[in-house]
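Here are some friendly notes to read alongside the model.

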Amino acid sequence: SDVCSSDLCTGYDAATLIAFEHFPDPDHPDEVVFLSGSYVTGHANPWSDIDVFVVGDRGPYTDNVIAADTNSVTPHFVDGKRVDTEFWTPATVEGIARRLADYRPGTGRTIQGAAFLLIEQILVHRIRIGLPLCNPAGFAALQGLFDFAHFAAFLTEESIRRLDAEVEDLIGMRKGGDRDTALWVARQVVDVNVDAYLHSLGNTDPVAKWRVRYLAALDASPRHEQLRADYDRLMFPDPVWLRTGDNWHGYVEDVLAFSNRVSA
């Protein structure tokens, strides 16, 4: 079927999820409604919200609206489960797509962290993985606005540029003897390296909390087994050992060596 069997994802059928905002709407047949987020990826837990997205000009039907300059959200509840319906206008989405198309990796024309808001990055990923609830043809056209490989390249470069700053800080903190701050930044270095690696493989999810799930899902090649082992070892070291004498210097060296391997 070209329409999501949302009950398989969320436990609720599509009609239940879209009825909160009175979809399908015969007066607005071009509205695109799709399910996305952790229920689609299989990452949801019993407390996860169900995320429904609308791209259209109609706007929310109900009055309980959380509004921002980018989009608006209407929260609803079914059996105690929160269902967020997130509204975006076509003009806003098309603007994001144009900015992505204009992005040129390696040119340095943008400041790291300033090209796209995080919520915009999340939207692009949610469009990529989404499942249509209304207007599947319109949803396919929506996905067609984006070059997701280009988006993954953007996320890879963003991670590498952030990594440059983190590594520079870490080296300076080590030389300055700032142990506790260096240990905190070292963990950031480990995380951002894994972000860069995952994005270089085509992963487009900018949400950091799922990093370990994507890392675990990599194949069982020796490279990935070593990556997982190094990540666990460096992210969860013995805190007592780290703060004994100069042991933290060795840990920082280990993190920098890991960073060099992964970046290369």
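Helices (DSSP runs of H or I, at least four residues) and strands (DSSP runs of E, at least two) are numbered from the N terminus. This is a predicted model, in which local features need pLDDT of at least 70 and side-chain atom pairs count only at pLDDT 80 or more, while totals for chains, interfaces and linings use all residues. Residues are numbered from 1 along each chain as its sequence is written, and side-chain values use heavy atoms, with hydrogens and water left out.

1. The sheet. Six strands form an open sheet in the order E3-E4-E5-E2-E1-E6, with mixed pairing; two strands pair if DSSP finds at least two bridges between them. Strand E3 (66-67) and strand E6 (131-134) are at the edges with a single partner strand each, so one side of each has no neighbour in the sheet.

2. A pair to look at. E1 (residues 32-36) and E2 are antiparallel and joined by five bridges. Ser36 has Asp51 in E2 as its bridge partner.

3. Helices on the sheet. Helix H4 (residues 90-102) lies across E2 and E5, at about 75 degrees to E5. H5 lies across E1, E2, E5 and E6, and runs at about 95 degrees to E1. Axes here are lines fitted to C-alpha atoms, for helices over the stretch in contact, and angles run from 0 to 180 degrees between N-to-C directions.

4. H4 against H5. How far apart are the axes of H4 and H5? They are 11 Å apart, and the two helices pack at an angle of about 95 degrees. H4 and H5 are therefore roughly perpendicular to each other (angles of 65 to 115 degrees; under 35 is roughly parallel, over 145 roughly antiparallel and the rest oblique). Val93, Ile96 and Arg99 of H4 meet Glu120, Leu123, Val124 and Ile127 of H5, where contact means heavy atoms within 4.5 Å. By class, this contact has five nonpolar, no polar and two charged residues. Nonpolar covers Ala, Val, Leu, Ile, Met, Phe, Trp, Tyr, Cys and Pro, charged covers Asp, Glu, Lys and Arg, and the others, Gly among them, are polar.

5. The cavity. One cavity of 30 Å³ or more is present. On a 1 Å grid over the protein atoms alone, a cavity is a set of points where a 1.4 Å probe fits but cannot get out, a pocket is an open set with protein on both sides within 12 Å along at least five of seven lines, and lining residues have an atom within 4 Å of a point. The largest cavity holds about 60 Å³ of space, volume being the space filled by probe spheres set on the points, which are joined across faces, edges and corners. Its lining includes His43, His125, Trp210 and Tyr214. H5 gives the most to this lining, four residues.

6. The largest pocket. Its volume is about 330 Å³. Of its 20 lining residues, Gln121, Ser159, Asp195, His199 and Pro206 lie nearest the centre. Helices H5 (118-129), H7 (148-176), H8 (179-200) and H9 (211-217) each give two or more residues to this lining, which divides into nine nonpolar, six polar and five charged residues.

7. The second largest pocket. This one has a volume of about 240 Å³. Which element supplies the largest share of its lining? H5 does, with four residues. Six nonpolar, no polar and five charged residues make up the lining, with Asp49, Asp51, Asp84, Glu86 and Arg126 among them.
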